[in-house]
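Subject: Structure for you to look at

Hi,

Here is the structure I promised to pass on. Please open it first, then read the notes below.

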Amino acid sequence: MRYLPRVLRYLRPFWASAVTSVATTVLLALFALLGPWPLKILFDSVLADHPIPGPVVPILGPLAGDKVTLMLVVVAGGFGLTLLGNGLKVFNSYVETRLSQGMVLNFRSDLFRHAQRLSLAYHDRRRSGTLIFAINFQANSASGLVMALLPLAQSALTLVGMFWITYTLDPPLAVLSLSVVPFLYLAVGHYVSRIQPRLRQVRDLEGESLSIIHEAVSMIRVILAFCREEHEHSRFRRQGAEAVDARVGVTVRQTAFSLFVNTATAAGTALVLGFGVHAILQGRLTAGELLVVLSYVASIYKPLETISNTIGSLQERFIALEMAFQLLDTEPQIRDAPRAVAVNHVRGEVVYEGVNFTYSGREKTLEGISFSARPGEIIGVVGPTGAGKSTLVSLLPRFYDPSSGTIRLDGQDIRRIRLRSLREQISLVLQEPLLFSGSIAQNIMYGRLNATMDDVMEAARAANAHDFIEALPNGYDTPVGEKGVGLSGGERQRISVARAFLKDAPILVLDEPTSSIDSRTEEVILDALDRLMSGRTTFMIAHRLSTIRRPDRILVLDRGRIVEQGTVTELLALGGLYARLWETQTQVPSASGNGSRDRENATTSPSGHEAEARPKILSPFQEVAK
Ligand code: ATP
């Protein structure tokens, strides 16, 4: 119940609808009260000779003389009441649907926004399917809770009204009708405490099913390549069957509880019927009055059943809300410091000072990282796989925060800079160019949402993408599938480079942008990247040293530490890890022993510029063979 006040906050924007709905609910309760009276008048005043009940005398008075007219008026009145009641129900359903859907949308969009604000460390630990489940399905419970409260209020109101009228007709019968309440109370308490753990289990299992689907859809290529369709299918079936079993168990318990409630009220009705007939035999009650009392008792039980069942079904909503609020209550680890400042068009001086970082549950990922990059410098980041290169650059846009040490941008600690403005200063081009479903133009525009079509084309030209885009039948309007399906890796990468051009940020992070691209396309992309890097502080991670074409400095990482740094010439002269990597990549296996000659050639290239020192590229197979 502690979630109730927070859920009610979502009701605030819809207060007018809520008030209308409550008013309609009260009216519906009144209609329910009026329902049995036409029957009573027919039985007692048309079929027998009892006087018309006091409150309706002013309405029916002049017609009371003629029984046929009275009968017609009462029957028509009863029909009219039903019609009006149904009209009100339709109106109420419209108001309630608007209200509940509006609430769900607001709650869901809060969850969505919050999930995006959560740090990468959070997402690393969670399965996306569970997150989708929480956002999309569990959000319904907020409005479900509110919408369950209204019938609950209506039932409580009807219960009081019905009890009062029954009490005026026959106090002992009225009191007798409530004899089932203690049993219901105990049953609800017992049920709630038993059902909660089961509901949690069902929720987790159903969330897990969604995770499997999500994972399978995003891994479809791997699944097909390994022919694991059957394997995935049976994994899904097995897990699904477990979820089904758990759901069936819960549903059986929910139904058994409902049946218990119904049985208890049926026992109450039997009691009232027995005592009622006894009262007629004693002359304390007319048959018509017993009919009214019985219909009221049935009507008392209806809200009682509704209340008991609603309290039972509310448990499911509470369990769902628990998941949704847990997500909403997770504080983003990376967020703005209290007095963080916004930066604009930084010069691009980056300094790492004694930076340490560890992923949770891992050994030291980065240790004592210190280096500086002057504005406009190109810094190559190299090292064996798993050395921490990607981690090093992902600290700059604060995807993660260092455990100790400082990173400065233009002299300012990046933790003192507003996150949004910090990230606006950095363009990222990743190994796997991810595109959104939409047109090519929209994907490029992602770099600057208010860009014009001319800007988009200019960026595409700079990224060497314009020609291939124009050659497509729909040009810039060509739709791309999810993650860019429908385009080749090189085409996708050029679009993501165009996106970076459009963003025009002073700092550029290139994380192996050409590693999954053939060497001819690589040249085209490297050419575009050369243009992109110009005038920007650039960090370029590369396995193939040749792809870092004009580095001002190279950081060599090994097991989370910078083991060497300097210019290509300095590093080659050092004869350490970089020189070894260089040698590995420049040697042609069939001509072993040429490494030093290549190195010589490379460092003393005709122009004398070390950036032109291009190692020969081995195929990945040759690299592996070595
Ligand atoms: P590669 O060249 O293969 O891309 P890298 O040098 O970029 O490797 P990182 O991706 O930075 O290396 O990873 C450094 C270490 O941190 C590795 O040991 C890796 O297993 C670990 N690691 C990377 N990402 C995570 C994560 N999200 N959670 C836990 N550990 C991680």
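**What I found**

Leu157 is partly exposed, with a relative accessible area of 46%. Here, buried means under 20% relative accessible area, exposed means over 50%, and partly exposed is in between (1.4 Å probe, protein chains only).

Before the rest, some ground rules. This is a predicted model, so local features need pLDDT of at least 70 and side-chain atom pairs count only at pLDDT 80 or more, while totals for chains, interfaces and linings use all residues. Residues are numbered from 1 along each chain as its sequence is written, and side-chain values use heavy atoms, with hydrogens and water left out.

**The nonpolar patch**

Leu157 sits in helix 8 (residues 140-169). Helices are DSSP runs of H or I, at least four residues, numbered from the N terminus. Together with Val22, Val26, Leu27 and Leu30, Leu157 makes a nonpolar surface patch of about 390 Å². Patch members have over 30% relative accessible area and no salt bridge, and nonpolar side chains (Val, Leu, Ile, Met, Phe, Trp, Tyr) are joined within 5 Å. Areas come from the Shrake-Rupley method with a 1.4 Å probe; for residues, only the protein chains shown count as cover. Which helix gives the most to the patch? Helix 2 (residues 15-34) does, with four residues.

**The ligand**

There are 15 residues around the ligand. Thr385, Gly388, Lys389, Ser390 and Thr391 come nearest. A residue counts as near if one of its heavy atoms lies within 4 Å. By class, the shell has four nonpolar, seven polar and four charged residues. Ala, Val, Leu, Ile, Met, Phe, Trp, Tyr, Cys and Pro count as nonpolar; Asp, Glu, Lys and Arg as charged; the others, Gly among them, as polar. Helix 14 (residues 389-394) supplies the largest share of the shell, three residues.

Now the polar contacts (pairs of N or O atoms within 3.5 Å). In the side chain of Thr385, an N or O atom is 2.5 Å from an oxygen atom of the ligand. A polar backbone atom of Gly386 is 2.9 Å from a ligand oxygen. For His543, a polar side-chain atom lies 3.1 Å from an oxygen atom of the ligand. Taken alone, the ligand exposes 630 Å², and the protein buries 68% of that.

**Salt bridges**

Side chains of opposite charge can pair when their charged atoms come close. The structure holds 20 salt bridges. Each is a side-chain nitrogen of Lys or Arg within 4 Å of a carboxyl oxygen of Asp or Glu.

Take Lys40 and Asp44: their side chains meet in a salt bridge at 2.6 Å, N to O. Both lie in helix 3 (residues 37-47), four residues apart, about one turn of the helix. Are Lys40 and Asp44 buried or exposed? Both are buried.

Arg200 and Glu322 also form a salt bridge, at 2.8 Å, N to O. Arg200 lies in helix 10 (residues 181-218) and Glu322 in helix 13 (residues 287-329), so the pair ties together parts that are 122 residues apart in sequence. Arg200 is partly exposed at 30% relative accessibility, whereas Glu322 is buried at 13%. A network of salt bridges links Arg200, Arg203, Asp204 and Glu322.

Finally, Glu215 pairs with Arg235 in a salt bridge, the closest N and O atoms being 3.6 Å apart. This pair links distant parts of the chain: Glu215 is in helix 10 and Arg235 in helix 12 (residues 229-281), 20 residues apart.

Best wishes

Terms used. A polar contact is a pair of N or O atoms within 3.5 Å; within protein, one must be able to donate a hydrogen and the other to accept it, and residues adjacent in sequence count only if both atoms are side-chain atoms. Helices (H or I, at least four residues) and strands (E, at least two) are DSSP runs, numbered from the N terminus. Patches are made of residues with over 30% relative accessible area and no salt bridge: like charges are joined within 9 Å, nonpolar side chains (Val, Leu, Ile, Met, Phe, Trp, Tyr) within 5 Å.
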